[in-house]
Amino acid sequence: MLSHRQKHLLQLLWLSQTRSWLRHQIPLLGSIIAGKPEAGESRMDGCIDIDPTTLRLPKNARTFALKVRGDSMRNAAILEGDIVIMEFREARHGDIVAALIDGETTLKRFVLQNGAPYLRASNPKYPDLIPARELVIQGVLIALLRLPTK
């Protein structure tokens with residue numbers, strides 16, 4: 001999902017934020033499908049300024065944001081057009097995650113059953129996603145932003 005250059009830019013942004021704690025800039029890295037996984041290339045679409053106390057972010061939080069496309073997470077109150085704030089950290093059973101599954105990205109709930117991880121939608125019209133080769137958690141949901149429609 002993230003290129004080496006994008007990871008480097010994120011590292012520099014996070015480093016600069018440890019020096020200036022008046023606001024927190026969260027990079028907006030394009031969109032993520034909440035539906036059938038798809039190949040995707042992230043891109044930097046700017047930053048979202050957040051008061052860190054609002055999200056109760058630790059000082060060294062490594063965060064990024066994605067705009068949601070699709071309806072597979074609607075029963076978790078995540079809708080098309082929402083912005084999800086994700087943190088780079090290890091996922092636990094039940095977390096909502098941005099994941100790379102067999103080379104394609106998606107937003108789903110992380111499930112561990114008998115030690116085997118898979119992804120589950122919060123919409124019954126979508127099947128569980130069981131990785132054939134790989135499942136890489138790219139971020140864990142820590143907040144949701146919903147802007148009013150015009």
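Tutor: E87 counts as buried, at 15% relative accessibility. Here buried means under 20% relative accessible area, exposed means over 50%, and partly exposed lies in between (1.4 Å probe, protein chains only). The model is a predicted one, in which local features need pLDDT of at least 70 and side-chain atom pairs count only at pLDDT 80 or more, while totals for chains, interfaces and linings use all residues. Residues are numbered from 1 along each chain as its sequence is written, and side-chain values use heavy atoms, with hydrogens and water left out.

E87 forms a salt bridge with R89, with 3.6 Å between the closest N and O atoms. The term requires a side-chain nitrogen of Lys or Arg within 4 Å of a carboxyl oxygen of Asp or Glu. R89 is partly exposed, with a relative accessible area of 28%. A network of salt bridges links E87, R89 and D95.

Across the whole structure, the search finds five salt bridges. One of them joins the side chains of D71 and K125, at 3.2 Å from N to O. This pair links distant parts of the chain, 54 residues apart: D71 is in the loop between β3 and β4, and K125 is in the loop between β7 (116-120) and β8 (135-145). Strands (E, at least two residues) and helices (H or I, at least four) are DSSP runs, numbered from the N terminus. D71 is partly exposed, with a relative accessible area of 23%, whereas K125 counts as exposed at 56%. D128 and R120 form another salt bridge, where the closest N and O atoms are 3.0 Å apart. D128 is partly exposed at 34%, and R120 is partly exposed at 35%.

The loop between β3 and β4 also holds D82. With 2% relative accessibility, D82 counts as buried. Its side chain makes a polar contact of 2.7 Å with the side chain of R146. A polar contact is a pair of N or O atoms within 3.5 Å; within protein, one must be able to donate a hydrogen and the other to accept it, and residues adjacent in sequence count only if both atoms are side-chain atoms. Leaving aside residues up to four places away in sequence, D82 touches L66, K67, V68, A77, L144, L145 and R146. Contact means heavy atoms within 4.5 Å.

A77, one of those neighbours of D82, is itself found in the loop between β3 and β4. A77 is partly exposed, with a relative accessible area of 42%. Although A77 is not a glycine, its phi is positive, about 65°. D102 likewise has a positive phi, near 50°, in a residue other than glycine. D102 lies in the loop between β5 and β6 (104-113) and counts as buried at 18% relative accessibility.

L79 is found in the loop between β3 (63-69) and β4 (83-87). L79 is partly exposed at 37%. Not counting residues up to four places away in sequence, L79 touches V68, G70, R74 and R146. The C-alpha atoms of L79 and R69 are separated by 7.7 Å, with the two residues 10 apart along the chain.

Two ring features complete the picture. The charged end of K108 sits over the ring of Y126, 5.8 Å from its centre; the criterion is NZ of Lys or CZ of Arg within 6 Å of the ring centre and within 35 degrees of the ring normal. The whole structure also has one aromatic pair. F64 and F88 form this pair, which is tilted, with 4.8 Å centre to centre and 40° between the planes. F64 is in strand β3 and F88 is in the loop between β4 and β5 (96-101), 24 residues apart. Rings of Phe, Tyr and Trp (its six-membered ring) pair if their centres lie within 6.5 Å; planes under 30 degrees apart count as stacked, over 60 as edge-to-face and the rest as tilted. F64 counts as buried at 1% relative accessibility, while F88 is partly exposed at 22%.

As for the chain that carries these side chains, its secondary structure comes to two helices and eight strands. Of its 150 residues, 43% count as buried.
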